[in-house]
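I opened this notebook page to record what I looked up in one protein chain.

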Amino acid sequence: MNIIRDIIPKGNHNRPGVKMSPRFITVHDTANPAKGADAKAHARYLNSGAGGRKVSWHFTVDDEVIVQHLPTDEMGWHAGDGSGPGNTQSIGIEICENEDGDRAKAEANAIELIRHLIKELGISPDRVVPHQQWTGKNCPRNILPRWDAFV
């Protein structure tokens, strides 16, 4: 598993810097099908301040690499539930859906990462959840119709 650590700089408005003990893993789709919108492109977006948005997550996964943006013991702004458990107790994983990537391989890489995190952090497999759990958003839109098979 090829994980590139490209952590959002301390002091960036989109890096909360708040410690957490992760209890969940939240799966997202990037909702960005543009050509070239791979994991490294999402890292550049987050590191440059996310266009002024208060948004961050822990990992972006594509068909070739996994990029880590936040330490697993810090919260991110990914679940849309403010100070709720989605943000404050959950590791956010975004799966790329760029048109020039291999989506099946990106999902396989995400599954490998999830297995690794479950083992490393002692998170129960039944606490791997879709973003939809926190806000009702149709996310991860590509996986929700087959969520049970994915997990």
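The entries below go from the whole chain to single residues.

**Entry 1: model and fold.** I noted at the outset that this is a predicted model. I counted the secondary structure elements and found five helices and six strands in the chain. I then read their order along the sequence, which is β-β-α-β-β-α-β-α-β-α-α.

**Entry 2: dimensions.** I asked how the radius of gyration of the chain stands against that of a compact globule. For 151 residues the globule value would be near 15 Å, and the chain has 14 Å, so the two agree. Along the principal axes, I found that the C-alpha atoms fill a box of roughly 35 × 35 × 30 Å.

**Entry 3: burial and contacts.** I looked up the share of buried residues, which is 51% of the 151 in the chain. I also took the contacts between residues at least 6 apart in sequence; 72% of these join residues at least 24 apart.

**Entry 4: surface and charge.** I listed 18 positive and 19 negative side chains. The centres of these two sets lie 5 Å apart.

**Entry 5: nonpolar cores.** Which residues of the largest nonpolar core touch the most other members? I found Ile 25, Val 27, Ile 93 and Ile 114, in a core of 22 residues. Two or more residues of this core come from each of β2 (24-29), β3 (59-61), β5 (90-95), α3 (103-121) and α5 (147-150). Helix α3 gives the most, with six residues. I noted another core apart from this one; it has six residues, including Ile 8, Leu 46, Val 55 and Leu 70.

**Entry 6: Ile 25.** I located Ile 25 in strand β2. Is Ile 25 buried or exposed? Its relative accessibility is 0%, and therefore Ile 25 counts as buried. Leaving out residues up to four places away in sequence, I found that Ile 25 touches, among others, Ser 90, Ile 91, Ile 93, Ile 114, Leu 117 and Arg 127. I also looked up the pair Ile 25 and Ile 111, which are 86 residues apart along the chain; their C-alpha atoms are separated by 11 Å.

**Entry 7: Val 27.** I set aside the neighbours of Val 27 within four places in sequence and listed its remaining contacts. Among them are Ile 93, Ile 95 and Ile 114, together with Pro 130, His 131, Cys 139, Trp 147 and Phe 150.

Conventions:
Residues are numbered from 1 along each chain as its sequence is written. This is a predicted model: local features need pLDDT of at least 70, side-chain atom pairs count only at pLDDT 80 or more; totals for chains, interfaces and linings use all residues. Side-chain values use heavy atoms; hydrogens and water are left out. Helices (H or I, at least four residues) and strands (E, at least two) are DSSP runs, numbered from the N terminus. The radius of gyration is taken over C-alpha atoms; the globule rule is 2.2 Å times the number of residues to the power 0.38. Buried means under 20% relative accessible area, exposed over 50%, partly exposed in between (1.4 Å probe, protein chains only). Contact means heavy atoms within 4.5 Å. Lys and Arg count as positive and Asp and Glu as negative; His and the chain ends are not counted. The place of a charge is taken as NZ of Lys, CZ of Arg, CG of Asp or CD of Glu. A nonpolar core is a set of buried Ala, Val, Leu, Ile, Met, Phe, Trp, Tyr and Cys residues joined through side-chain atoms within 4.5 Å.
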